[in-house]
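New page in the notebook.

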Amino acid sequence: DIVTFIPPTTRYHQPIRHFPAHIIANPTLYSRPITHTPPFHPPKSGPSEIMIAHVCHVTCMEHVQWALSELLFNDKKVGKATHNMFAYRFTSGDNNNGNYTHFSDNDDDGEKGSGSK
């Protein structure tokens, strides 16, 4: 099953996002503490632009999906934001033989490379 986040307006072209229902339904398995910064004005931004950073430690894609869904569904400011950029990076592997795989991705939501910075 899939749970869908539909932005409250199409004005800013926020994407519709889909999450596996079992991740949202099992927070004891996938939830992570999320740290939130106070609102701030990014360098070289307009006077009305405000950013809030949200950070959490992840070790698998289920953690990434849980954190993003938690913010979109349960933080009113994030759900209504005009641009939600996200990025993640984690390493997964076998400590016994040293075989590791690096996972990373970002979505700059049309902000011209901002997600990769």
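This is a predicted model: local features need pLDDT of at least 70, side-chain atom pairs count only at pLDDT 80 or more; totals for chains, interfaces and linings use all residues.

**Getting my bearings**

Reading from the N terminus, I get the element order β-β-α-α-β-β-α-α-β-β for the chain. That comes to four helices and six strands.

**Overall numbers**

I looked up the extent next: the C-alpha trace spans about 50 × 35 × 25 Å along its principal axes. The chain has 117 residues, and 24% of them are buried. For the accessible surface I have about 8,400 Å², with carbon and sulfur atoms accounting for 53% of it.

Then I checked contacts between residues at least 6 apart in sequence. Of these, 42% join residues at least 24 apart.

How many positive and negative side chains does the chain have? I have 10 positive and 11 negative down for it, and the centres of the two sets lie 10 Å apart.

I picked serine 69 and looked up where it belongs. Its place is in helix α3, which covers residues 61-74.

Is serine 69 buried or exposed? Its relative accessible area is 3%, so serine 69 is buried, since the cut-off for buried is under 20%.

Which residues does serine 69 touch, leaving aside those up to four places away in sequence? I wrote down Phe19, Ile24 and Asn74. Of these, Asn74 carries the number at which helix α3 ends.

Note on methods: Residues are numbered from 1 along each chain as its sequence is written. Side-chain values use heavy atoms; hydrogens and water are left out. Helices (H or I, at least four residues) and strands (E, at least two) are DSSP runs, numbered from the N terminus. Buried means under 20% relative accessible area, exposed over 50%, partly exposed in between (1.4 Å probe, protein chains only). Contact means heavy atoms within 4.5 Å. Accessible areas come from the Shrake-Rupley method with a 1.4 Å probe; for residues, only the protein chains shown count as cover. Lys and Arg count as positive and Asp and Glu as negative; His and the chain ends are not counted. The place of a charge is taken as NZ of Lys, CZ of Arg, CG of Asp or CD of Glu.
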